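Look over the structure before reading on.

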Amino acid sequence: MKKTLFMALVLSSLLGTTACTDSLVQDPLTSKTQANFLRNETEVEEYVNATYGALQANGLYGLYLPAAAEIPSDNTYDEVPANDDGIYGQLDQFTAIPTNSIATSIWLGSYISIQRANVVLNRIGGVSYASGTTRDARTGEMKFIRALLYFNLVRLYGDVPLVTQETTDPNVYFGQGRTPTAQVYTQVIKDLTEAIPVLPATSSQAGRVRQTAAQTLLAKVYLTQKNYAAALPLLQAVVATGRHALQSNPANVFSLANENNSEIIFAVQFASGLNGNTLGSIMFQQFSPSGTVSGAKGHNLPTKQLYALYGSTDRRRGTYLDVTSAGTPYSKKMAAPTTVITDGGSDFVVLRYADVLLMLAEVQNELTNTTDAATNLNLIRTRAGLAATTATTQADLRTAIDLERRLELVGEGHRWFDLQRSGNAVTIMNAYFQSTGTLVTINSNNLLLPIPQSQVNTDPSILQNPGY
Amino acid sequence: MKQRLRFLHSWPVGLVACGLLLAEPAVAQVGTRPAAQSGARMQGTVLDDKGEPLAGVTALLNEAGATGNPRGVATGVDGLFTFDNLKAGTRYTITVSYVGYESQKVNDFLINAGDNNSLMVRLKTENKALTDVVVIGYGSQSKAKVTGVIAEVKGAELNRYSGSSFGQQLAGKAAGVVVNDASGQPGTDPQIVIRGIGTLTAGRNPLIVVDGFPLSEGSSLNSINPQDIEKLDILKDPSSAAIYGSRAANGVVLITTKKGRSEKPTVALDVYTGFQERADNVKYVDAYQAAQFFTEARDWGYVSANPNTRSATDDRATRLAKGASLRQLRLNYLQPYLDGTPGLTNTNWADELFRKGRMSSYNVAFSGSSAKTNYYVSANYFDQQGLVINNGLKRYSGTLKLDAHLSDKLTLGASLNPSYNRQQYFNNNADFSTDPLSNLYIMYPFFSPRNADGSLAISQEIKANTPEDGALGENAVALATQIKSNRDFFRTFGNAYLSYQLLDGLTFKTLLGGDVTSNFFDFYNPSYLGGYRTVAPKPAVASETRSLNTNYLTENTLSYTKQLGEHSFDLLAGYTYQLENGSTTLLTGSGIADDNVTNVAGASAFTATAARYTWTQVSYLARLQYSYGNRYLFTATTRRDGSSRFGSDQKWGNFPSITGGWILSNEKFFPQNKVVTFAKVRASYGLSGNNQIGNYSSQALVNPANYVFGNTLAAGFAATTTANPNLGWETKTSANFGLNLGLGSKLTVAADYYRSITKDLLLNVPVPQQSGFTSAIQNIGRVQNSGFELELAGNDIGLGPVRLGFSGNLATNQNEVLALAPGQQQIIAGAVGQFITRVGGPIAQYYGYQLDGVYKTQAELDNSPRLAGTLLGDYKVRDLNGDGVIDNNDKQTFGTFNPKFTYGFSSNFTYKSFELSFALVGIKGRKIYDQQLANQEESGEGFGVPNTYYFENRYHPVNNPNGTLAQPNLGNFSSARRLVRSSNIFFKNADYLRLRDLRLTYNLPTAWASAAHLTAARVYASANNLFTITDFRGFNPDATSTDNVLTNGFSQANYPIARAYLLGFNLTF
């Protein structure tokens, strides 16, 4: 009997051992892996969606990008500068430290989305699509997103590392350093130039990148480079498509019920009440004046000085922005969420037709075509219920267009870049601080954000911007 | 016989299976055996060396020459034991043993007919070094022969500290074992660090093995009733731990639970109850001081933004006209406080949130043994109220343990440990919206937790502070009492084994173990409570989490013992397979219409999150122990582990070790003397591993990242980690040199020096973010740990009528990073970069500026190098390199959380029927970074309530011109002030000396006990943490609230540990 028992032991062990060793290979049960993903159209489409999805991050269009592109300017300020570890206040008063989480999150968020675009661009050629046009469109969409993010990065940080390939080993980036701005711009222009012909004129789904978005963005890039001749035909082409128009009433531009209207060229999509309230934005809560709604922080509020610039007949007053009973101006471009305050449904508009017309006016003015410039400027003024501009000279028109951009586009993340483009950022901001009795003086070092301290710490080849 | 040997030869291929099942009839058949004949009786008396009867002594009896399980009985209070049913004319062997005494064996005791058989045994106190048996991995060994480093702690010693788990009880009890009682929340596991930290970013939990069954890493220690623990053996060096291979690098804690000993069924009843209170030094200012502080902070915030045009005397309207922000206005309701009006609301929120908590334990254990079986059955109810109101732990647990000797050769046994824990929990996560404790310092003393009618005051502070944007926290008492967060833990672990003696000395053992945990968390945050910055009502939130984890182990070992003259061999070979599955589902409900149903069922919309995992490990192990003439000792072990966690190219790792020892005192040349009675030197060298990196870290995981087109959800997926097919074991190579001495018959000394190098660190390396990732797990770098340990123990020392025992320990540990990633010299971590891990230094050094007081004049400020934005009243930062600029180059290091040395001392005194015991535990050379002190209580940012230390030492040009801490400032709190959060004044000294436990026991006179038919009866009074000597002003100098070793010593948790006063009794009958 004992012998039998022992035999049984030995036998069962011999049978069992192989099975045990095989079990050392365990694949994740509730995650996919990159090794067995991106094999067909459906899976590539999921990666494309995730690339768009990354734009919703707090570091990007969920919260911080508009803040970083407005708060340093004379358009907006932080009502409670010491709040949230002072991250907004530091941008407002030019005391940003390299651990400022707005600066660190924009950097990280941008590269996460860029990497996803890189993965799709690297893989999509090897995957068959039912429609070649769709595949081309996705290529254009990814290039647009990559270009948009690099364009933001160079404007905020100066030189930034340029990566356009899929990461297989993150260690290869050590020692790479920062790529010169000009080289990044070359890539941005290349991506957009390649995207324009493959992008569709219209899209079956609201929120997808269309041809006019790439044209508008490329025009903005050229405008930033003061390459007015190159910007002009792109903007004219956008106008010529006839697919975009100003909403007749400013109240309709940002209305929740009228999202993705004809004035919107590209908007990062948000929606409330979806998937456990994970697809809304917290911008409304964070940018509402302190004490007005639960959790309101008063970050990125329009300044009283800006509010005072709207004439009494300006239809944008009361629709784009308003004042609280305590006299604090606030933006109304984001709709108040109805159920969960952190789950706002308003899209964040990145590019819209009003911007196209104002850029066109600026380009025409710089190319000394003041007549057409005034005409385009007046389209915006008329819609706002204002009389035609009285400016006639190039210099006066430049000032008028600059002011109109402030009034029309406040809160949309343009002003700080506009100031930089004008070359007057330091002068204007120092004058602004003097007028408000604030003891802040800035110099050209303050035009760029600090490189995230974590990146300087991780890789010494990433050098910090001067002044930080 | 011949055939069996053939099987043996074919053994190594794979003796055993991963799922081994035995045919039941085989077991039943061998289990039957004729019962013993009735007959003669013998009675014995056991006395100690002074001639006093000894109660509770175990007497074992066997027929001379028989190898089966002996019969056992215990002596009563009169020192008497009795065996019945003996065979007249037969010779028996009687062994008498008692803890702390040398066992005595009486051979060939001839039994006469009837009851005319009596025996008197006198036991001598033993020198422990010589006789104890310690548990080693997959076996046991006599202490004299041990050549590794194994710390043994008895259950009795542990249970002098009353608490929910052995983890807390272990503090200070063994050299080189640091227990950080990181949170006082009942049910929280302490952090156990054995011989320092060898790893950087992999887990650092030691492996816990209960009666041979290795628990999952990080599994709760609460499910083990400390009163069931017979003893702990802690394997500290790699030669001892190597037998556990890839999981042993952080040390191994072997738990042996109690078993039945006495033939007479014994019932032991243990009950204690008492209360606990805070044992910290935290003291906040009162309402009048707070009013002054907030006003100073808001005034200076206003003025410092533009001293040319602003004045502290400006009224509200003037301030607003001059562009003041909200936090530059005075709080509108403080004037009466500033005027010193008596009788205003002056709430001590700490007194409201904390309480005296009850702690009780009821334990009953039945045990006994017979010729063939022994059993131990216990039940325990443990109830601990937290120091925070509405917080606590209740545990219901049981143990069932059975060993049966079915024949001379076949033994089987089983143990089962079911438990049910219910935690009234709150997430101590520094979230102002739900964590009452993190709200404590933003609860202004101007508000009451309750309205005049006794109801909770809801959202009072939020409403009052909104106009000037003060702290907007919801009533912490309401958060603590109204948010439901119950956590149920059902767990059963246990094992069954069968061991069979194949040949003389050759035993096969197979063990099947299992651990099943099922948890249910129930959370409800009602709508009628506000949250941070949110006035009630707000949407209610409900969630529930269910998880099920199952862990199976099969283990098959073959052991062989042989004595050939002076040569003694012990061989062990084995195979184990372990499989763990886990699944968790989190269901979150929203759209809750009212607070009628306080769980997810009341919700109208739901989201679910699901996660599952599996990991497996396959292992082969072998050990040879050899000794010659009880003088020369040698052990070699090896283990080969394969794990599913590692990359496809690195599945297997080998962990060999060797160790040797020499017992000098057994040599002929060793002079026989009364001073040095025992001497042993030993050395060991070996490898162990660490696999705590999560289950799928070697693969690039693709996880959801959804988007929405228009209002249509678009499912998105993208990679969130990078792949590393080469990911493998972290390997720790360690050498240990040690010495054991026996001095006289009472004292033992053990001294050890060790040095270990951990290479291929499982390091979550920060990578350049342009890769699209922030970090990647890789095997990189090397860390060295070295240290010295000394243990001194004395046993049963007579001081007149007082008998004294003591044990003291001292341990040092130093670690040094030898290498990081190629080309990488340092890793800076922490929210304000306050930790640096650099090559050549220890892990996680505090890193920051050296401050030299406060700027009090503009001239001084203007004429010194300073951080950008420095204001008057801010700190002066030392220009360390003297280059006239303050920047990152002026930062230096300031020590670590890892202490320079740790020490413990415990002692017990016996005088007649009284026994007094105490244990001290100490930490020396530790620094801690307490975020609450750095960011709020001592920062001078006028947002939270400061502690009295800051208030008394703050600088204010008028109110406190000699102050040394930065001036209160809220509305213009500078970037410079944020940057100096990483500086010497916030790297706090956290040394302490703590009276961990103190107990006075009275043993009831034997006459009384006998009259009540009791074997023994005692009552005691005890205290935990009666005093702590420390300079630290935070809640807990042990708190390190992060599992990231790179920020070790970052404390965010603030649940104070408790001082407890208890009364209890033990009855045995």
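The questions below concern a predicted model, its cavities and the contact between its chains.

Student: What is the volume of the largest cavity?
Tutor: A probe the size of a water molecule, rolled over the atoms, shows where empty space is left. A cavity is a set of points where a 1.4 Å probe fits but cannot get out. For the largest cavity, the volume comes to about 220 Å³.

Student: Which residues are the closest to the centre of the largest cavity?
Tutor: A residue counts as lining if one of its atoms is within 4 Å of a point of the cavity. The largest cavity is lined by 19 residues. The closest to its centre are Phe287(A), Ser331(A), Lys333(A), Met334(A) and Gly411(A).

Student: How many residues of the lining of the largest cavity are nonpolar?
Tutor: Helix H11 (283-286), strand E6 (329-331) and strand E7 (348-352) of chain A each supply at least two residues of this lining. By class, the lining has five polar and three charged residues. The nonpolar residues number 11.

Student: Which elements give two or more residues to the lining of the second largest cavity?
Tutor: The second largest cavity has a volume of about 190 Å³. Its lining holds 21 residues, and the closest to the centre include Tyr161(B) and Gln168(B). The elements that give two or more residues are two strands of chain B, E19 (373-385) and E55 (1058-1068).

Student: How many polar residues has the lining of the second largest cavity?
Tutor: Sorted by class, this lining has nine nonpolar residues and one charged residue. The count of polar residues is 11.

Student: How much area do chain A and chain B bury between them?
Tutor: The contact takes 95 residues from chain A and 91 residues from chain B. Of the buried area, 62% is on carbon and sulfur atoms. The area itself is about 7800 Å².

Student: Which residue forms a salt bridge with Asp85(A)?
Tutor: Across the interface of chain A and chain B, the rule finds two salt bridges. In the one with Asp85(A), the closest N and O atoms are 2.8 Å apart, and the cut-off is 4 Å. The partner is Arg981(B).

Student: Which element gives the most to the side of chain A that touches chain B?
Tutor: Across this interface there are 26 residue pairs in polar contact. Elements that give two or more residues to the chain A side include helix H1 (2-22), helix H2 (41-54) and helix H6 (101-123). The one that gives the most, with 14 residues, is H1(A).

Note on methods
Residues are numbered from 1 along each chain as its sequence is written. Chains are lettered from A and ligands numbered from 1 in the order in which they are written. This is a predicted model: local features need pLDDT of at least 70, side-chain atom pairs count only at pLDDT 80 or more; totals for chains, interfaces and linings use all residues. Side-chain values use heavy atoms; hydrogens and water are left out. On a 1 Å grid over the protein atoms alone, a cavity is a set of points where a 1.4 Å probe fits but cannot get out, and a pocket is an open set with protein on both sides within 12 Å along at least five of seven lines; lining residues have an atom within 4 Å of a point. Grid points are joined across faces, edges and corners, and a volume is the space filled by probe spheres set on the points. Helices (H or I, at least four residues) and strands (E, at least two) are DSSP runs, numbered from the N terminus. Ala, Val, Leu, Ile, Met, Phe, Trp, Tyr, Cys and Pro count as nonpolar, Asp, Glu, Lys and Arg as charged, and the others, Gly among them, as polar. Contact means heavy atoms within 4.5 Å. Buried area is the accessible area (1.4 Å probe) that two parts lose on being put together, summed over both. A salt bridge is a side-chain nitrogen of Lys or Arg within 4 Å of a carboxyl oxygen of Asp or Glu. A polar contact is a pair of N or O atoms within 3.5 Å; within protein, one must be able to donate a hydrogen and the other to accept it, and residues adjacent in sequence count only if both atoms are side-chain atoms.
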